[in-house]
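Thanks for coming. I have one structure to go through today, and I will take it piece by piece.

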Amino acid sequence: MSENRLYQTIAGEIRKLIDRGEFPPGSRLPGERDLAERFGVSRVTVREAEIALEARGLISIRIGSGVYVKARSAQAPGGLPDVTAFDLTAARAVIEAEAAAMAASRVTDADLCELETLVLALSDPAASTEAVSEADRRFHLAIARIAGNPVVEHCVQLIWRIRGEVPRVREVHARVCHDDGDTRREEHMAIFDALRRRDPAGARTAMRNHFQRLFESMLEATESEALAEIRRRTQQDRERFMATTGL
């Protein structure tokens with residue numbers, strides 16, 4: 001890995017620690033030597049990573065004092081709220097479930113043809129990840145449009161902007177959705193079937209079940225990542241102990 005790429009990678013790792021709350025706003029980051037040992041890189045690489053994070057407004061480098069985490073802005077790039085994937089999914093379970101119930105009372109045969117095409121696209125084993133994600137987006141936006149309320153439609157459009165443009169939300173969805181293709185297709189088919197029956201209660205329940213499962217999958221992914229980080233740090237501590245004691 002090139003030196004340029006390495007410092008960017010380390011900057012991303014430090015950003016993850018900040019996002020997870022290990023270093024909350026106002027706290028001081030460990031020194032360059034400690035971070036260099038933690039990540040197995042040079043102090044120069046750590047210094048370059050910190051400079052990159054300062055340029056993004058995430059930390060403040062104070063000469064003679066240390067490096068401190070800055071308070072997060074209430075807005076992410078593009079004027080979007082800097083929320084977590086969990087916040088967004090909880091909101092979707094409310095907003096999109098009601099949109100599905102509303103759509104079930106208004107859906108036309110032409111709408112059902114459109115939705116069925118999108119569900120089939122989600123089920124195509126030959127489709128690329130990008131094509132499946134686009135079919136997913138269009139499916140949910142179509143339901144919001146069919147619901148017939150422009151405010152609801154706008155809210156769902158905003159939801160999908162947050163999902164695709166807020167970095168920490170996008171990263172979590174990329175990890176989870178990469179591995180849940182079969183389950184996701186079944187859930188979308190259940191939503192479609194309820195809409196085809198023109199069953200508002202069934203559509204609401206199917207959409208809520210979709211987001212409940214997504215929420216649980218995100219929890220599992222986050223827990224797995226945290227456990228992996230604990231194991232990595234434990235191994236580093238063990239190696240440091242062995243090197244110090246000569247065992």
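R198 is found in the loop between α9 (181-196) and α10 (200-245); helices here are DSSP runs of H or I with at least four residues, strands are runs of E with at least two, and both are numbered from the N terminus. R198 has a positive phi of about 55 degrees although it is not a glycine. Most residues other than glycine have a negative phi. With a relative accessible area of 37%, R198 is partly exposed. On that scale, buried is under 20% relative accessible area, exposed is over 50%, and partly exposed is in between, with a 1.4 Å probe and protein chains only.

Before going on, the ground rules. This is a predicted model, in which local features need pLDDT of at least 70, side-chain atom pairs count only at pLDDT 80 or more, and totals for chains, interfaces and linings use all residues. Residues are numbered from 1 along each chain as its sequence is written, and side-chain values use heavy atoms, with hydrogens and water left out.

Now the overall layout. The chain has ten helices and four strands. Reading from the N terminus, the order is α-α-α-β-β-β-β-α-α-α-α-α-α-α. Of the 247 residues in the chain, 38% are buried. Taking the contacts with a separation of 6 or more, 68% are between residues 24 or more positions apart, where contact means heavy atoms within 4.5 Å.

Next, the helix pairs. Two packed helices are described by the angle between their axes and the distance between the axes. The axes are lines fitted to C-alpha atoms, for helices over the stretch in contact, and the angles run from 0 to 180 degrees between N-to-C directions. For the wording, under 35 degrees is roughly parallel, over 145 roughly antiparallel, 65 to 115 roughly perpendicular, and the rest oblique.

Start with helix α2 (residues 32-39) and α3, which pack at about 105 degrees with their axes 8 Å apart. The two are therefore roughly perpendicular to each other. From α2 the contact uses E32, R33, L35 and A36, and from α3 it uses R43, V46, R47 and E50. By class that is three nonpolar, no polar and five charged residues. The classes are Ala, Val, Leu, Ile, Met, Phe, Trp, Tyr, Cys and Pro as nonpolar, Asp, Glu, Lys and Arg as charged, and the others, Gly among them, as polar.

Staying with helix α3 (residues 43-55), T45 is placed there. Is T45 buried or exposed? Its relative accessibility is 2%, so T45 counts as buried. The T45 side chain makes a polar contact of 3.0 Å with that of S42. A polar contact is a pair of N or O atoms within 3.5 Å; within protein, one must be able to donate a hydrogen and the other to accept it, and residues adjacent in sequence count only if both atoms are side-chain atoms.

On the α4 side we have R92, E96, A99, A100 and A103, meeting H140, I143, A144 and I146 of α6. These divide into six nonpolar, one polar and two charged.

How do α5 and α6 run relative to each other? The axes of helix α5 (residues 109-122) and α6 come within 8 Å and cross at roughly 155 degrees, and the helices are therefore roughly antiparallel. This crossing, too, is left-handed. Contact residues include L115, L118 and L122 of α5, and D136, F139 and I143 of α6.

At 3% relative accessibility, D136 counts as buried. Its side chain has a polar contact of 3.2 Å with the side chain of R184. Apart from neighbours within four places in sequence, D136 is in contact with L122, W160, R163, R184 and H188.

Last, helix α8 (residues 167-177), where E171 lies. E171 is partly exposed at 39% relative accessibility. E171 and A85 are 86 residues apart in sequence, and 8.9 Å apart in space, C-alpha to C-alpha. R175 is also found in helix α8, partly exposed with a relative accessible area of 33%. From R175 to S217 is 42 residues in sequence and 9.7 Å in space, C-alpha to C-alpha.

Terms used:
A crossing is left-handed if the near helix is turned anticlockwise from the far one by less than a right angle, and right-handed if clockwise.
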